[in-house]
Amino acid sequence: CPPEMKLTSEEIQQRILKVLHRLGRPAGSSQIAELLRGWGVDLSERSIRLYLLQLDAAGLTRLESRRAGRSLTAKGLAEVEQGPAIERVGFVAGQIDELNYRMGFRLRAGMGTLVVNTTLLPARDEVAALDVVRPVFAARLGMGSRLLVLRAGAVYDVARTAVVPRGKIALVTVCSVSLNGIFLKEGIPITSRYGGLLEFRNRLPARFTELLAYGGTTQDPLELFIRAKMTSVRKCEQTGNGLVGASFREFPSVALPAVLKIRDQLRLLGLDGILAVGVPDQPLYGIPVGEGRTGLVVLAGLNPAAALEEAGLAVENRSLAGLLEYTKFPEFRHLNMWTRRGE
């Protein structure tokens, strides 16, 4: 480690566990070393292998295969999720910044990689799942209108390492933080402040009922709200009244004309997740902004997944799951054709 990052053996083991948790899949020492370097921890692959052997012995990791590498055990997962909270605060905000930097989407070309969410569920539930999510997209409660369905064996990230397990399908949605990356590449810095639940009344957004600061949470806010069964996306889609996931962001007011222009371009690309753009220096849905700043409310990419949870389907959600090429995403109306092709 660099001089400013003198870590104990236990602290290094904790960071290795966090890497495996972040990846959500088995990984080898070279992949772990690469991510650790991004966190300021520089270790050789040999050193990491030694730490992994110690973690194996403690029952926190297990070797899946020489090719795949190691994954977390249930005990290891509990260790990460129950570890010192102060070390995990801001982890989501860090993920957002990293993925925004790595994004390759080019607005004018309408191509490149976007940040995605994934929802895994049993393959037998495919028809039922599509029946649930189509109306959510039709009601414009998702992050745009694009949805990808993948079957077992398909990969769902550009690194080609995340694979849909046997007996499962994956519903892949565009993550709303992709907008941050798009605006950043247009020279407009967007700050994600809160993830929350936005109340709709008569199909119009009214107010935020719940808010979690991205910089002060250890997990994605909407994942927490879904798990706590606090959303009512299906009710909102059917009656116009309910609680849906949304995030509050802000940007420099001087960029307002450019933001409005980009919003119109995004609509043409099926990436219309921007619900509202505020007035400079004025609160938006009751949330104040800083001087010289303007508020922005974006619908959550996981809202269709929330509807699946509400419908009682067995789902596994993962926000900020990685990067995937925009051109792979069909409009939700065209799903039948694409799913037959298995793309």
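Two strands are taken to pair if DSSP finds at least two bridges between them, and it is in this sense that T119 stands opposite N317 in β11. The structure is a predicted model, and the points below cover an open sheet of 4 strands, a helix that lies across β3, β4 and β5, the 2 aromatic pairs and the buried residue S253.

**The sheet**

- The open sheet is made of 4 strands in the order β4-β5-β3-β11, and their pairing is antiparallel.
- Because β4 (147–151) and β11 (316–325) stand at the edges, each with a single partner strand, one side of each is left without a neighbour in the sheet.
- On average, and with direction ignored, neighbouring strands of this sheet are turned by 30° against each other.
- Strand β3, which spans residues 113–122, is joined to β11 by 7 bridges, and the two run antiparallel; T119 stands opposite N317 in β11.

**The helix across the sheet**

- Helix α7, residues 126–138, lies across β3, β4 and β5 (168–174), and runs at about 170° to β4.

**Aromatic pairs**

- The count of aromatic pairs comes to 2.
- In the pair of F105 and Y326, the ring centres are 5.4 Å apart and the planes stand at 75°, and since planes over 60 degrees apart count as edge-to-face, the pair is classed as edge-to-face.
- This pair links distant parts of the chain, with F105 in the loop between α6 (91–102) and β3, and Y326 in the loop between β11 and α13 (335–341), 221 residues apart.
- F105 has a relative accessibility of 2% and counts as buried, and Y326, with a relative accessible area of 6%, is buried as well.
- In the pair of F137 and F332, the ring centres are 5.5 Å apart and the planes are at 20°, so this pair is stacked.
- Distant parts of the chain are linked here too, F137 belonging to helix α7 and F332 to the loop between β11 and α13, 195 residues apart.
- F137 counts as buried at 4% relative accessibility, and F332 counts as buried at 5%.

- S253 lies in the loop between β8 (242–252) and α11 (256–268).
- With a relative accessible area of 15%, S253 is buried, because that class takes in values under 20%.
- When its neighbours within four places in sequence are left aside, S253 is in contact with P280, D281, G292, R293 and T294.

Conventions:
Residues are numbered from 1 along each chain as its sequence is written. This is a predicted model: local features need pLDDT of at least 70, side-chain atom pairs count only at pLDDT 80 or more; totals for chains, interfaces and linings use all residues. Side-chain values use heavy atoms; hydrogens and water are left out. Axes are lines fitted to C-alpha atoms, for helices over the stretch in contact, and angles run from 0 to 180 degrees between N-to-C directions. Contact means heavy atoms within 4.5 Å. Buried means under 20% relative accessible area, exposed over 50%, partly exposed in between (1.4 Å probe, protein chains only). Rings of Phe, Tyr and Trp (its six-membered ring) pair if their centres lie within 6.5 Å; planes under 30 degrees apart count as stacked, over 60 as edge-to-face and the rest as tilted.
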